[in-house]
Amino acid sequence: MGDVRWRRVASQIGRSVAVWAVSTLTMLLLAGLLPDFRLRSADGGSATDIAVTAALGAGAFGLLSALVWPRLVRLLLLVPALVLGLLVFFLNGGLLWLALWLNPVERGSAAPETAVVVAAVMSAVASATGAALAVRDDDAYRRRLYRLADRRRRATGPAPATPGTVFLQLDGVGHDVLVDAVRRGLMPTVARWLGTVPDPTDGAAPGTAGGTAGGAASGTAGGADPGTAGGAAPVPAPGARPTHRLIPWRTDWSSQTGATQLAVLHGSNHDVPAFRWYEKERREVMVCNRPTSAAELERRAAAHAGHPGLLADDGASRGNLFGGGADQQALVLSIATRRRAPGTRSRAGYFAYFSDPANAVRTALSFVAEVGREIVQSTRARCSGQRPRVSRGGLYPLVRAFATVVQRDVVVAAVTGDLLAGRTSVYADLVAYDEVAHHSGPRGRDTAKVLERLDRALALIENVAEHAPRPYRIVVLSDHGQSPGETFRSRYGLTLGDLVRAGCGLPVPRRARRTHSGAEARAAVRAALRRPVEEGVEQYRPTRRDEPIVLASGNLGLVSFPDVPRRMSKEEIDARYPALLPTLANHPGIGFLLVRSERHGGVVLGAHGAEVPLDRLDDDPGPLAAFGPGAADVVRRTHSFPHTADIMVNSFHDPATGEVHAFEEQIGSHGGLGGAQSRPFLLSPLTLTPPVPEGAELRGAEEVHRVLRRWLAEAGGTASPAAPGREHAA
């Protein structure tokens, strides 16, 4: 045992010396190439003095990176995460300056911008050298992974023998998009799990759109054939044994991360009608990705479900909107506004990752490269006249780089640390695809590259799980899909807010009056601007305080009248604004409306005077026919929520193409009904029981939560009883 320990110590010393030597040579080479970087004084020096200066400088830089860098990163937790990657370069340059100043032989010098370059190159070279030396050493590789979780593992003690479970959420990746990516060879790890190979007859090369925008099957709310994508299924690999099963599931009406993840992690998304909505009694707009709103939603969900969450038994929540009751939380939005224990700080994951200077430099370089990639891709789309298209300027390149690089790297590192610490359950969200698809479209060259990188992240986590102190089952799922389509504003020349204001007789921007939309849209807008009123009815003149609040959640719009403390009925709206509901219902870009009715309880309104009570939708779906057989159930459930808006507006949906018109500036959208957005996936190991009986459909995020709790209970991984099942309200 002692001999093994000494061999490990000798091996570590040998690697450290090798890294030091390579760093010294790198510093000498950079000093020869860069005119503003000197390792000697102005009057010169011998070759020996220069070499010693380089060696001492490289050693000092390495020690400062190991000792000072973690403390600098802890201070950086006060800095917004978006600028953290850019500060890495300047702080690394500052460490290099300090290393040269501390040199006892001869103090070198470097211009500020040169110091940044030299420090970045040396950190990258040292990281690459250390990794290359450890490639053939399994023990070194294992120790390198264990460093990510060393602090947490010491606190938790030995891991139990029962299997743990890691849930990886690929945000926004629809079922059909995943199947298509597997078929085209973009996701070899997932293909291996499913026992399939790329389709040799598929003419779409990786990085191209490949197939239709979703097909008619994608356009339904629940009737598509599982395992298909645009009419083609993955090709089984001869002799391969699949390890996972893949099924689609159907979201609620609010097909967005806030509603889905709240239900999956906490068991309830009751009274979450959209991504953002107005609560009259509090006079507050709730937004799912706002920290204060997320904290309140988490509190409400736990109270409604009757248990703390999916991860309450030795769980970890990483990169999510909500904590799921986990003891270990990092990069979780709902805890961002309140003080917690050190292990549950929102930004603790950043410190754990960026305390390694090699990680910091690698991620910072990737961040800059991703910003450049977005600028090139957006320029190419603009120059080629790509349609549909939305603006991708301003801060968006930085936002995209944060989502696709920084968030991914930090969350994956946190998950690997949790696996090596032996956590019972881990839930992590990777948001890269969702962010890119909003601005580039759900299918295309840009999103194809993101899917490839997500697959590599899955492969890394699978590799780390093999070194974990307990066996792990990897479950991959998505919270929703994305539906393509031109935005409502781009298609019709006005926003939903403009149309609502017109219907209420309020002033509208000049561009709305000059809309270049089709004849039907122009006629509807002109009718609203003239505001026809029944003879003998007193005309209501709204004040500024009475003006409607119009909010958008993808292709789902919400209209609320803040001066009325209750949810207004159709009869009240018609009396106050006679043109509003007909204008909205008859607009070609709107699929249907949901309003409360004093006579019928609730009604769905559509074009040409269509009006169907909720309790008759099963016999006569009316405007919901294009949205599939499950649409009536989710609309009725949303109608039962206390904070459903006065008018719920769902955009037009084309079942043939799967396209919708987002009320936000997104050409890949989700949040309402229509198309692939309502059809995410669940990929689970065959060692787990089937999610639903054969031939049945998995419906709603609350049902997904019950499936995941069942899987944890099967392995003895949860002590909290599952909440009783709740059927959708009729």
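The stops below go from the whole chain to a set of strands, then to salt bridges, and finally to cavities.

**Before selecting**

The model is predicted: local features need pLDDT of at least 70 and side-chain atom pairs count only at pLDDT 80 or more, while totals for chains, interfaces and linings use all residues. Residues are numbered from 1 along each chain as its sequence is written, and side-chain values use heavy atoms, with hydrogens and water left out.

**The whole chain**

Display the protein chain as a cartoon. It has 25 helices and 24 strands; these are DSSP runs numbered from the N terminus, helices (H or I) of at least four residues and strands (E) of at least two. Of the 730 residues, 56% are buried, where buried means under 20% relative accessible area, exposed means over 50%, and partly exposed lies in between (1.4 Å probe, protein chains only). Among contacts with a separation of 6 or more, 73% are between residues 24 or more positions apart; a contact means heavy atoms within 4.5 Å.

Select residues 315–318, which form strand E9. Gly-315 and Ser-317 point one way, Ala-316 and Arg-318 the other way, and all are buried. Two strands pair if DSSP finds at least two bridges between them. Within E11, Ala-428 is the bridge partner of Arg-318.

**Salt bridges**

Side chains of opposite charge can pair when their charged atoms come close. The whole structure contains 38 salt bridges, each defined by a side-chain nitrogen of Lys or Arg within 4 Å of a carboxyl oxygen of Asp or Glu.

Select Arg-300 and Glu-279, whose closest N and O atoms are 2.8 Å apart in a salt bridge. This pair links distant parts of the chain, with Arg-300 in helix H12 (residues 291–305) and Glu-279 in strand E7 (residues 276–279), 21 residues apart. Glu-279 is buried, at a relative accessible area of 0%.

Move to Asp-418 and Arg-423, a salt bridge with its closest N and O atoms 3.7 Å apart. Asp-418 is buried at 0% relative accessibility, and Arg-423 is buried at 3%.

Now select Asp-618 and Arg-636, which meet in a salt bridge (3.1 Å, N to O). Asp-618 lies in the loop between strand E18 (611–613) and helix H24 (631–639) and Arg-636 lies in helix H24, so the pair ties together parts 18 residues apart in sequence.

**The largest cavity**

There are four cavities of 30 Å³ or more. On a 1 Å grid over the protein atoms alone, a cavity is a set of points where a 1.4 Å probe fits but cannot get out, and lining residues have an atom within 4 Å of a point. The largest cavity holds about 60 Å³ of space, a volume being the space filled by probe spheres set on the points, which are joined across faces, edges and corners.

Select Val-177, Arg-184, Pro-442, Arg-443 and Leu-451, which lie nearest the centre of the largest cavity among its 12 lining residues. Helix H8 (175–183) and helix H17 (445–465) are the elements that give two or more residues to this lining.

Notes:
1 Å grid on protein atoms, 1.4 Å probe; cavity = no way out; pocket = protein on both sides within 12 Å on 5 of 7 lines; lining within 4 Å.
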